[in-house]
Each structure stands twice: as C-alpha cells, then as structure tokens.
Amino acid sequence: MLTLITPQGKRRVVAKGARKTTSRLAGHIELFTHATMLLAVGRNLDIVTQSVILHSFDNLRGDLNRIGAAYYAAELIDRLIEEEDENRPAFELLITTLAVLDTTRNIDLALRSYELRLLGYLGYRPQLYHCAGCQEVLTEETNRFSPVAGGALCPRCAATERTTMPMTLSAFKLLRFLQAQPAEAIERLHISPETRDDVEKLLRVYIRRILERDLKSVAFLEELSNTRT
Ligand SMILES: [Zn+2]
C-alpha cells in the first residue's frame, strides 16, 4: 500500500509485487520519487499497473539527514491534505523541496521554507507582515508570535494575548525572508544556529496546533540532531 501525492490530491493505492525483483514494477516504485503512474480502478483502492520514475533524487537515499527531512516533508503534506484536495502548487512545492533536499547544505532551512509555503497554500499562512490580532503593519519592535492567533503580534496585542512565544528580531526576519523568497534562496543564507533553532521551534508549535499532534518524523529528526551535537 502506498500514499501518492498528486496534483489532484492524495491517493491511497496498491502496488502489487513492487518489492519482488521479478515484478514489472520492481525498481520503478520508490519512496520520495517523482513518477508518472498508470492506475487501474480497484474495488477499494486503485492499483498501480505501470510506473516510470521522472526524478529519483538519488542523493537523498545516501544520507540519513536528507532522508529524515524527506520523510518529514512527506508526512507533513500527507497530514495536511485530503484525498480529493486538488492543489497543484502544494504538489509542485513538494517536488521542488525534494530536489532542494537532494543537494542543499541547509537542510533545516529547506524544511522551514517548505513549511511556510505549504501552510500558505493550504490556508494556514502565518501572518508576519500585519499583526495577527489587530492587522496593524508590524515593525521591528515585534517580538512575540502567537500560534493561537496565527502569526506575529504587535506589542499592544502581545500584551493582552496570553499564549504567545518570544521571537527574536533575527527569527522574525528569517521567517519573513523564507515566506517571501523561493526555496532556492536559502543557499545564500548564513544564519546562526540559535536563530535556526528559534524558527524551528516557533513553526513546530504552530504546526502542532494545526495538526493537534506531533508528526512521527519529528522525533526521528530530533534524534538525528541530538547525535550530531
Ligand atoms: Zn496588534
């Protein structure tokens, strides 16, 4: 059984014999690849009858950090989109992100960029330019983020909202940059580990609030980063 992310939404399908080396599908179905598939209508689930890989993102598979990030990217979109939820921008973002994860030196920033864009395409775009409370234009004085309100708060709203998180100016700037720029722009960035951690934490709490739980791959990514430090 496989979950496919397609431009027409998510599909649960069956790929018979994909793991048998004698099967016609052997080697043509792999996780985290971009493929064209022919599906036959089945009684419950559709069945993959042919598959041609378009992009296999080969570096991903040789690197635990990259494969962990790809797993997270796949799990996040799987949880956020529904079966018949047609969303071409989200699909294209996933393909671009797998390509970036295949080569980038900034794996974590690639994920942050992906999170911000994906949330935007699915109606959960965090507000970073106007206060999530009163809609006033935000200035550099902004230093609180509210997962409940759905974005950054001006100092006045932050004083009355109880569920806010502190946000440094560098974290605020990085969030805005990642939301506004295409994924490839992360290659030019030099960001301190503290700011990367701050942004990761803010988005994790915000995403947890939307999904109402943590993703399985988050624990795996955390274990990887603990073994690094
Ligand atoms: Zn406000």
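Is Ile29 buried or exposed? With a relative accessible area of 14%, Ile29 is buried; the figures below take a closer look at this and other spots. We're looking at a predicted model, where local features need pLDDT of at least 70, side-chain atom pairs count only at pLDDT 80 or more, and totals for chains, interfaces and linings use all residues. Residues are numbered from 1 along each chain as its sequence is written, and side-chain values use heavy atoms, with hydrogens and water left out.

**Figure 1. The whole chain, for orientation.** Eight helices and seven strands make up the secondary structure of the chain. Helices (H or I, at least four residues) and strands (E, at least two) are DSSP runs, numbered from the N terminus. The radius of gyration, taken over C-alpha atoms, is 19 Å, close to the 17 Å of the globule rule (2.2 Å times the number of residues to the power 0.38) for 229 residues, so the chain is as compact as a globular protein of that length. Along the principal axes, the C-alpha atoms fill a box of roughly 65 × 40 × 25 Å. Of the 229 residues, 45% count as buried. Here buried means under 20% relative accessible area, exposed means over 50%, and partly exposed is in between (1.4 Å probe, protein chains only).

Figure 2. Look for Ile29 in the loop between E2 and strand E3 (34-40). Val48 is 19 residues from Ile29 in sequence, and the two sit 9.5 Å apart in space, C-alpha to C-alpha.

**Figure 3. Helices H3 and H4 side by side.** The axes of H3 (residues 88-103) and H4 (residues 107-121) come within 10 Å and cross at roughly 180°. Those axes are lines fitted to C-alpha atoms, for helices over the stretch in contact, with angles running from 0 to 180 degrees between N-to-C directions. H3 and H4 are therefore roughly antiparallel to each other, a label for angles over 145 degrees. On the H3 side, the contact (heavy atoms within 4.5 Å) includes Pro89, Leu93 and Val100, and on the H4 side it includes Ile107, Tyr114 and Arg117. The residues of this contact divide into 12 nonpolar, one polar and one charged.

**Figure 4. Lys10 and its neighbours.** Lys10 is found in strand E2 (residues 9-14). This lysine is buried, with a relative accessible area of 11%. Leaving aside residues up to four places away in sequence, Lys10 touches Thr3, Leu4, Ile5, Asp78, Ile81, Glu82 and Glu83.

Figure 5. Most residues other than glycine have a negative phi. Phe57, though not a glycine, has a positive phi of about 50°. You'll find Phe57 in the loop between strand E4 (46-55) and helix H1 (58-61), and at 8% relative accessibility it counts as buried. Gln135 isn't a glycine either, but has a positive phi of about 75°. Gln135 is in the loop between H4 and strand E5 (144-146), and at 45% relative accessibility it counts as partly exposed.

**Figure 6. Asp58 in helix H1.** Asp58 lies in helix H1 and, at 57% relative accessibility, counts as exposed. Thr168 is 110 residues from Asp58 along the chain, and their C-alpha atoms are separated by 37 Å.

Note on methods. Parallel < 35°, antiparallel > 145°, perpendicular 65-115°, else oblique. Nonpolar A, V, L, I, M, F, W, Y, C, P; charged D, E, K, R; others polar.
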